[in-house]
Amino acid sequence: MRAARSLDNRTARHLWLGAHGLSGIGTGAPDVMALIRQIGFLQIDTIRNVTRAHNHILWSRNPNYREGMLWPLLGRELFEHFTHDASLIPMEVLPLWQRQFARLGAKAAEGEWFQSGLGRAEIESIRDRIEAEGPLSTHAFDTKATSREMWARPPHKKALDQMWYAGTLATAKRENFVKFYDLGARVFPSQLLQGPPDQEAIDALCDLALERLGIATCGEVQRFWAAMSAEEARGWAQRRRPAQIEVTGADGQRRAAFAAPDLDERLARLSPPSGRLRILNPFDPAVRDRARLARLFGFEYVNEMFVPAAKRRWGYYVYPLLEGDRFVGRTELKADRTKGRLSVTGLWPEPGTRWAAGRQRRFEAELDRLARMIGADRVNWQVRPPL
């Protein structure tokens with residue numbers, strides 16, 4: 001079916017950035033839950049190159065955010081589970097998440113990667129110990145990995161994860177980012193453990209995804225939560241029949257997409273993004289879907305953390321640079337907290353982007369803000385600015 005309406009590329013970019021909280025400049029005390037609800041969920045990550053991804057994502061939307069503001073919400077207003085990766089999800093989504101517990105629990109039990117090598121009695125003894133002793137981390141158990149490969153995990157960790165994916169166990173807390181497992185029945189509010197019928201859950205999750213995306217293809221809706229198959233998402237589209245719209249991409253081509261039900265209201269209050277230059281995290285939801293990023297912004301981004309150093313085009317931990325409604329470059333940064341230093345180890349303007357003095361000042365201002373967030377007192381340039 002041909003879409004009856006269309007959006008030009010600039011309006012589509014503004015709509016997308018507004019939906020992701022990247023249009024204005026956050027002021028005042030951060031409302032962490034409001035920020036997470038706006039973007040849907042918050043991916044968390046172990047790597048602390050400058051600051052961990054979850055802290056950076058929130059800080060990009062309100063520069064008054066500081067490390068440590070997030071974790072008191074875990075178990076009260078947020079629960080932790082797996083979307084694209086480990087993520088913090090608003091607790092009100094928990095009834096709909098029962099299908100994800102079932103899906104991933106089955107995969108964890110059946111998939112070769114998740115096989116713990118422990119017998120049922122041994123797995124139940126791990127659960128029983130947590131029931132008796134309360135929240136325990138993986139360090140409380142002492143089985144050893146049988147392989148020296150990078151991703152090898154000891155049998156007890158695999159067993160813990162099997163039960164965590166299924167919702168039998170849940171993240172009770174994190175201390176220095178170490179996960180402590182407790183019984184799901186003790187972490188999750190009992191009134192939220194009853195989910196709707198499966199098709200209703202699929203439809204509700206897709207509705208929530210489209211609300212947060214504003215404009216999206218069926219595939220983008222499906223990939224938002226990563227909690228359903230492409231076929232299940234197509235079933236949602238057939239049942240709900242969301243409004244269609246044509247969106248002009250950065251290449252000038254118009255492609256069909258779905259529009260959130262309140263698109264007219266969003267367009268009526270839409271304003272251009274701030275001209276602030278933002279250093280975004282590689283795991284930021286605005287850049288997570290690389291295909292959509294390229295289509296809307298013409299920005300090709302590859303996360304090279306797990307690419308061998310000799311094969312990297314840019315660097316280990318490279319941050320996209322967003323200025324207004326354009327991606328103007330990327331930078332590689334590194335922090336040394338013991339020395340109070342944030343170092344710029346790479347800076348690459350986008351082809352055709354003039355890196356003039358004004359842009360350099362805006363970049364330096366953002367570096368200063370990021371340095372303050374992590375408690376660094378100076379920025380060290382290890383490369384020359386491209387002026």
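**Note on the nonpolar cores and one loop**

1. The largest nonpolar core holds 53 residues, and Trp 97, Leu 205, Val 221, Trp 225, Trp 236, Phe 297 and Phe 327 have the most contacts inside it. A nonpolar core here is a set of buried Ala, Val, Leu, Ile, Met, Phe, Trp, Tyr and Cys residues joined through side-chain atoms within 4.5 Å. Buried means under 20% relative accessible area, exposed over 50%, and partly exposed in between (1.4 Å probe, protein chains only).

2. This is a predicted model, in which local features need pLDDT of at least 70 and side-chain atom pairs count only at pLDDT 80 or more, while totals for chains, interfaces and linings use all residues. Residues are numbered from 1 along each chain as its sequence is written, and side-chain values use heavy atoms, with hydrogens and water left out.

3. Helices (H or I, at least four residues) and strands (E, at least two) are DSSP runs, numbered from the N terminus. The most comes from α8, with seven residues.

4. Neighbours within four places in sequence aside, Trp 225 is in contact with residues including Phe 41, His 84, Trp 97, Gln 100 and Leu 205; contact means heavy atoms within 4.5 Å.

5. A second, separate core has 42 residues, among them Leu 277, Ile 279, Ala 335 and Leu 370.

6. In the loop between β6 (169-175) and β7 (178-183), Asn 176 has a positive phi, near 50°. Asn 176 is exposed, at 78% relative accessible area. Phe 177 lies in the loop between β6 and β7 and has a positive phi near 70°, but Phe 177 is buried, at 13%.
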